[in-house]
Amino acid sequence: MRKPILAGNWKMYKKVGEAIKLISELKIKVQDVKDREIIVCPAYTVLNKVKEIIKDSNIKIGAQDVYWEEKGAFTGEISPDMLKDIGCDYVIIGHSERRHYFGETDDTVNRKLKAAFNSGLLPIVCVGETLREREQNLTFKVIEKQVHDGLKGLEDALIPKLIIAYEPVWAIGTGKTATPEEAQEVHKFIRDFLKRMYGEGSSNVIRILYGGSVKPENISQLMSQEDIDGGLVGGASLDAESFSKIVKY
Ligand code: PGA
């Protein structure tokens, strides 16, 4: 059985006071949840503070990006070791907003992925097609390339630890969710691809999350699909009440 993961991507929201309020409320609301992994991914500026508050709770923390070098003259970047040092467990890599606004490619995703694993961080690798690609029937082709190139050269032993998030770009922040069936179709495609590449043992344990306008109202239906193992939640994770409902779907 794959343990469900509900991860909140806070993006570029929440100043210190707001982050403290959100995480303090969330911690209480989800304190009895045991059968799922709960992750929050705040901005770098509040990672430390949020980590302090969730200490000894059932919530884990992740960053929204990372650089691949260990240290050096890379102004503005944050290394995997720095994230590990402040108690981060996870890191989102290759979010579509990073791909579209900041020139992230499958190659940079691949470097970041390897660097994250090297430092003991668990990566959540995002893939997803644009509306145009879907309309041109390119969804599977695009996803296969992103997964194949993103994971290139990764040690087989690390594969089961991987978390993949399928986030159709047209569903992110738009209020337009993929139907559970549409999402399942792509999740199954990803799992079948992983099976061909790495064997059934690994493909059966990798968690594949769905992201894109996940809300308390649609999470249960999404989670009822065989290959959907959790959600990566943007907007609805910015409010303790709505994210806790998603966690307890
Ligand atoms: P959304 O964002 O839930 O606001 O659509 C999801 C994401 O970008 O991870």
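**Group meeting: charges, rings and loops in a predicted model**

Glu97 is partly exposed, with a relative accessible area of 25%, where buried means under 20% relative accessible area, exposed over 50%, and partly exposed in between, using a 1.4 Å probe and protein chains only. Before I go on, please keep in mind that this is a predicted model, in which local features need a pLDDT of at least 70 and side-chain atom pairs count only at pLDDT 80 or more, while totals for chains, interfaces and linings use all residues. Residues are numbered from 1 along each chain as its sequence is written, and side-chain values use heavy atoms, with hydrogens and water left out.

Let me stay with Glu97 for a moment. Which side chain meets that of Glu97 in a salt bridge? The partner is Lys11, with 2.8 Å from N to O, and by a salt bridge I mean a side-chain nitrogen of Lys or Arg within 4 Å of a carboxyl oxygen of Asp or Glu. This pair links distant parts of the chain, since Glu97 lies in helix 4 (residues 96-101) and Lys11 in the loop between strand 1 (5-9) and helix 1 (16-29), 86 residues apart. Helices (H or I, at least four residues) and strands (E, at least two) are DSSP runs, numbered from the N terminus.

Is Lys11 buried or exposed? At 16% relative accessibility, Lys11 counts as buried. The backbone of Lys11 also deserves a look, for this residue has a positive phi of about 50 degrees although it is not a glycine. As background, most residues other than glycine have a negative phi, and most peptide bonds are trans. Asp56 is another residue other than glycine with a positive phi, near 65 degrees, and its place is in the loop between helix 2 (44-54) and strand 3 (59-63). With a relative accessible area of 78%, Asp56 is exposed.

Now back to the charges. How many salt bridges does the count come to? By the rule I gave, the count comes to 21 salt bridges. One of them is formed by Glu104 and Lys112, whose closest N and O atoms are 3.1 Å apart, and both Glu104 and Lys112 are buried. The side chains of Arg111 and Asp107 meet in a salt bridge as well, at 3.4 Å from N to O. Because they are four residues apart in helix 5 (residues 106-118), Arg111 and Asp107 are separated by about one helical turn. Arg111 is partly exposed at 40% relative accessible area, and Asp107 is partly exposed at 43%. Elsewhere, salt bridges that share partners join Arg2, Arg191, Asp227 and Asp229 into one network.

Some charged residues come together in another way, in a surface patch. Glu69, Glu70, Asp81 and Asp85 gather in a patch of negative charge on the surface. Patches are made of residues with over 30% relative accessible area and no salt bridge, with like charges joined within 9 Å and nonpolar side chains (Val, Leu, Ile, Met, Phe, Trp, Tyr) within 5 Å. Asp81 is found in helix 3 (residues 80-85), and Asp81 is partly exposed, with a relative accessible area of 38%.

Let me turn to the aromatic rings. The structure holds five aromatic pairs, where rings of Phe, Tyr and Trp (its six-membered ring) pair if their centres lie within 6.5 Å, and planes under 30 degrees apart count as stacked, over 60 as edge-to-face and the rest as tilted. Among these pairs is that of Tyr67 and Phe74, which is tilted, at 5.2 Å centre to centre and 50 degrees between the planes. Tyr67 counts as buried at 15% relative accessibility, whereas Phe74 counts as partly exposed at 33%. Ring pairs also link Tyr67, Trp68 and Phe74 into a cluster.

I will end with two loop residues. Leu158 has its place in the loop between helix 7 (139-150) and strand 6 (163-166), and at 18% relative accessibility Leu158 counts as buried. The C-alpha atoms of Leu158 and Val40, which are 118 residues apart along the chain, are separated by 23 Å. Where is the place of Glu217? Glu217 lies in the loop between strand 7 (207-211) and helix 10 (219-223), and it counts as exposed at 65% relative accessibility. Glu217 and Lys195 are 22 residues apart in sequence and 32 Å apart in space, C-alpha to C-alpha.

Definitions and conventions:
Accessible areas come from the Shrake-Rupley method with a 1.4 Å probe; for residues, only the protein chains shown count as cover. Lys and Arg count as positive and Asp and Glu as negative; His and the chain ends are not counted. The place of a charge is taken as NZ of Lys, CZ of Arg, CG of Asp or CD of Glu.
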